[in-house]
Amino acid sequence: MNEIIIGIDLGTTNSEVAIVENGHVIVIADNGKKILPSVVGLDDNGGILVGETARNQYLVYPERTVKSIKRLMGQDTQVDLGGQLYAPQEISAIILKRLKAIAEHYLNQTVTKAVITVPAYFSDAQRQATHEAGQIAGLEVVRIINEPTAAALVYGAEQTEQKRMLVYDLGGGTFDVSVVNVESGVVEVLSSHGDNHLGGDDFDEQIINHIVDHLQQSQQIDVRTHSKAMARITRAAENAKFVLSDQPYATIEEEYLLEHDGIAVHLSLELSRTAYEEMIADYIDVTLDALHIALKGAKLTASDIDEIVLVGGSTRTPCIRERLFDIFGFEPQSAVDPDLCVAMGAAIQAAMINGQAVDAVLVDVTPYTYGTSALGFLYGEPYQYQYCPIIHKNTPLPNRKTEAYMTAVDGQDAVEVTIYQGEDPDALSNTKIGEFLVEGLRDVPAGNVITLTLDLDINGILHVSATEKDSGLQKSITIKNAMARFEHDDLSTAQQRVGQLFGQMPTQHKESSASPEVAEAQRLIAKAEALFEKVSTEDKEDLVDLIEEIYGAIEEAANDRMQAAVAKLTDILYYLES
Ligand code: AMP
């Protein structure tokens, strides 16, 4: 084999290095971390720091720390690092050298060649500067490729038919959107647009401002004059942002933040995702305007796009996915970690240059969307069963997401939670896979917050729990086999579920038809499900519990348990039908 060529994503905020090994794309971790912050600094003794350690000292020693050097690439300028001036290429070279060393450590051999990615809008001078940075770091840059090209390669390197993809890349400090054409492993960027000063850092800043205002209003403290407290607030703000990508609320808590007039000041503040999304709405609008400009530049409309690829850590912000869905009418791809996608594409390109075979990048993803229903709108009309997706199709497994809902009437003491599998905006057109009742809610006005957590594991077991936010009252269910394909049609869903169950058993069991006991259970389940629409909520709940118990018992081949549940189901059916 030829000498290995590494793939490098040299980012404004973070950088990564990847390789193709035995056909698999691997992002190489350094001390367990695949992401290296693109920050360079000097320690107390003048020693060089790269990555996390440099980033950690930035707030305390900005004069001997350099970040976001990528913004200066190609400019005839110099930056000060501990009293000495350096060209942007030289600072970038320090980051590249570190990535080269990480790869060499992993491979246990010297690395001299790399493919490096740059934004599609980079000018010749900026590309040239990137080339030079590679050379200074001791790397022959065999090719510079565009970041959207790399991302598209991850999703489409091996496909032959033509596809038009939209690559939406929102990182820490930059935003780019590109329209690309992919055919037989060749990617062509049709158009690109973006904003060089927009990204997750702006989102952090909004939360920081919110915290600063809160301290000003509640305790009359101007915290901006306390640099250590500000450093903690900055970190807390970014953490809250991460939490809000998966949860509807984040608690920002910093004990002993500072001392004011001899008294310790603690910070404790809850931020809802709704409030946060309002803070960043204008930024998202800017990205969508850029998206339309990019489409126009490629002389295409939204309906010409076959796939949306999400790149950059900030695309984990849920409202971005929602806004894109509103425009395109389908879910963006996000099976591959958006932080690592570009580096992986660079490695794929490197392997292609090297004549190495590359397997499709396979990750475990959910093939379906899971969610619940709530009062909302459908096609502009008020509707009782609006589908509210919680875990989206094609997201990596395991996956855990929480959403918040509110009671609709004053004094509402119970909510019925229904879980669906499917993609239709009308929940009733999707497949109901479980339901339960949460009773004993507090006697409060409408708007009592109930959070719903869906936790889907790699084996398709879905744990669902609903919690009354203010009291902690909780009820949960487990839906086994949630990734089976449940069709929403006239055929008995029970028969299908049992069929699926067999579909998942080891092959030797597949051939044999269901045992007489299982066939009997199957018949009873079909009978029970036919009664769903006619019986009371409580009776239905009992039926669902028993059906689930039977499925579980069949799956675990626990015949006695199955028989016991079948006996109970027979009794209930007898009672309901008489
Ligand atoms: P990148 O430049 O692609 O490495 O993206 C870095 C940006 O992604 C930073 O602003 C991070 O704070 C942001 N980011 C990373 N993870 C998340 C997350 N789970 N939710 C929201 N933003 C995130």
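This is a predicted model: local features need pLDDT of at least 70, side-chain atom pairs count only at pLDDT 80 or more; totals for chains, interfaces and linings use all residues.
1. An open sheet is built from 4 strands, ordered 14-13-12-17, and its pairing is mixed. Strand 14 (186–195) and strand 17 (307–311) each have a single partner strand and stand at the edges, so one side of each is left without a neighbour in the sheet. On average, neighbouring strands of this sheet are turned by 20 degrees against each other, direction ignored.

2. Strands 12 and 13. Within that order, strand 12 (residues 163–170) pairs with strand 13 (residues 175–183) in the antiparallel sense, over 8 bridges. Opposite Leu 170 stands Phe 175 in strand 13.

3. Geometry of the helix pair. Two packed helices are described by the angle between their axes and the distance between the axes. For helix 5 (residues 200–219) and helix 7 (residues 273–297), the axes come within 10 Å and cross at roughly 140 degrees. That makes helix 5 oblique to helix 7, because only angles over 145 degrees count as roughly antiparallel. The crossing of helix 5 past helix 7 is right-handed.

4. Residues of the helix contact. Helix 5 contributes Asp 202, Phe 203, Gln 206, Ile 207 and His 210. From helix 7 come Tyr 276, Met 279, Ile 280, Tyr 283 and Ile 284. By class, the residues of this contact between helix 5 and helix 7 are 7 nonpolar, 2 polar and 1 charged.

5. Positive phi at Gln 220. Most residues other than glycine have a negative phi. Gln 220 has a positive phi, near 50 degrees, and is not a glycine. The residue is found in the loop between helix 5 and helix 6 (227–246). Is Gln 220 buried or exposed? Its relative accessible area is 55%, so Gln 220 is exposed, the cut-off for that class being over 50%.

6. Positive phi at Asn 481. Here too phi is positive in a residue that is not a glycine, at about 65 degrees. Asn 481 lies in the loop between strand 25 (474–479) and helix 10 (493–503). Its relative accessibility is 10%, so Asn 481 counts as buried, given that buried means under 20%.

7. For checking. Gln 220 is exposed, whereas Asn 481 is buried.

Technical notes:
Residues are numbered from 1 along each chain as its sequence is written. Side-chain values use heavy atoms; hydrogens and water are left out. Two strands pair if DSSP finds at least two bridges between them. Helices (H or I, at least four residues) and strands (E, at least two) are DSSP runs, numbered from the N terminus. Axes are lines fitted to C-alpha atoms, for helices over the stretch in contact, and angles run from 0 to 180 degrees between N-to-C directions. Angles under 35 degrees count as roughly parallel, over 145 as roughly antiparallel, 65 to 115 as roughly perpendicular and the rest as oblique. A crossing is left-handed if the near helix is turned anticlockwise from the far one by less than a right angle, and right-handed if clockwise. Contact means heavy atoms within 4.5 Å. Ala, Val, Leu, Ile, Met, Phe, Trp, Tyr, Cys and Pro count as nonpolar, Asp, Glu, Lys and Arg as charged, and the others, Gly among them, as polar. Buried means under 20% relative accessible area, exposed over 50%, partly exposed in between (1.4 Å probe, protein chains only).
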